[in-house]
Amino acid sequence: MTSRDTRILADFRAYCTNPECPICAMVSHAEVRTLQVFCAEGAGDELRRADIRNARGLCVHHGAMLRDARDALAAAVTALDVMTNLLRDLDGLERAPRWPKPRINRPKQCPVCTEMTRYNLAVCAGVLAWCDDAQFQMLVAQSHGICAPHLRMLASQAVLPAGFIAAQRMAWERVRADVAEYIRKRDDRFRHEPDAYEADAWRRAWFVISGSSYTVHE
Ligand SMILES: [Zn+2]
Ligand SMILES: [Zn+2]
């Protein structure tokens with residue numbers, strides 16, 4: 001067990017109370033932090049700036065996150081650099097001979113996506129390192145469950161212990177039962193019953209079905 005696995009366990013435990021997959025929550029949180037590092041500090045960090053420049057910016061998802069972020073000056077400094085390079089691409093297109101057909105080279109992958117893919121794999125490795133532990137399994141059983149995309153990812157990397165699968169089943173069965181209860185209360189006969197713990201069950205179910213982190217690819 002590495003110190004990184006222990007750190008991952010501490011974060012996993014903290015996110016288990018969230019209504020979403022704890023791995024997705026960890027990745028989403030790291031995503032915001034990474035974006036800040038790339039743009040706020042990256043504005044003055046030549047290496048990170050080069051990564052963004054070589055990618056000609058960020059992917060549509062991380063670009064949207066940056067537009068919604070509060071640090072307008074960092075977003076502007078990064079944008080200025082990228083726009084300068086986009087204009088250079090345009091220069092190249094203009095100057096190139098008409099034949100063979102001139103094209104703009106494909107940029108490198110979005111650097112935040114690259115970092116998040118790496119982090120996602122590290123978190124999955126941490127979960128696999130702990131998944132045979134009874135206390136860890138209890139955490140999973142009491143959570144709203146690891147999402148289906150992450151579970152499929154974990155299952156593709158190792159033989160999951162029976163105790164871990166049982167814990168995951170408890171979590172998913174609870175979410176499913178809550179959704180059924182939510183639907184039952186929508187029936188005219190039971191509409192007078194006030195909403196309780198099941199009020200957000202449909203949202204939790206969709207966290208399970210699709211996950212909630214954009215950068216998780218199966
Ligand atoms: Zn997930
Ligand atoms: Zn991205």
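Colleague: Is A177 buried or exposed?
Modeller: A residue is buried if 20 or more other C-beta atoms lie within 10 Å of its own, exposed if 12 or fewer, and partly exposed in between, with C-beta atoms placed from the backbone. A177 has 12 C-beta neighbours inside 10 Å. So A177 counts as exposed.

Colleague: What kind of model is this?
Modeller: Residues are numbered from 1 along each chain as its sequence is written, while chains are lettered from A and ligands numbered from 1 in the order in which they are written. Local features need pLDDT of at least 70, side-chain atom pairs count only at pLDDT 80 or more, and totals for chains, interfaces and linings use all residues; the model is predicted.

Colleague: Which helix holds A177?
Modeller: Helices are DSSP runs of H or I with at least four residues, strands are runs of E with at least two, and both are numbered from the N terminus. A177 falls within residues 162-185, so by that numbering its helix is α9.

Colleague: How many helices and strands does the protein have?
Modeller: Along the sequence the pattern reads α-α-α-α-α-α-α-α-α-α. The count is 10 helices and 0 strands.

Colleague: What is the radius of gyration of the protein?
Modeller: The radius is taken over C-alpha atoms, and the globule rule is 2.2 Å times the number of residues to the power 0.38. For 218 residues the rule gives 17 Å, and the protein is well over that, so it is more spread out than a compact globule. Its C-alpha trace spans about 70 × 50 × 35 Å along the principal axes. The radius of gyration is 22 Å.

Colleague: How far apart are the end C-alpha atoms of α5?
Modeller: The expected span is 1.5 Å times one less than the number of residues. For the 24 residues of α5 (residues 72-95) that should be 34 Å. The model agrees: the ends are apart by 34 Å.

Colleague: At what angle do α1 and α6 cross?
Modeller: Axes are lines fitted to C-alpha atoms, for helices over the stretch in contact, and angles run from 0 to 180 degrees between N-to-C directions. Under 35 degrees is roughly parallel, over 145 roughly antiparallel, 65 to 115 roughly perpendicular and the rest oblique. α1 and α6 are therefore roughly perpendicular to each other. Their axes come within 9 Å and cross at roughly 90 degrees.

Colleague: Which residues of α1 meet α6?
Modeller: Two residues are in contact if their C-beta atoms, placed from the backbone, lie within 7 Å. On the α6 side are A122, V123, G126, V127, A129 and W130. On the α1 side are R4, D5, I8, L9 and F12.

Colleague: How do the residues of that contact divide?
Modeller: Ala, Val, Leu, Ile, Met, Phe, Trp, Tyr, Cys and Pro count as nonpolar, Asp, Glu, Lys and Arg as charged, and the others, Gly among them, as polar. The division is 8 nonpolar, 1 polar and 2 charged.

Colleague: Which residue is joined to P100 by a cis peptide bond?
Modeller: P100 lies in the loop between α5 and α6. Omega is about -5 degrees for the bond, and the partner is W99.
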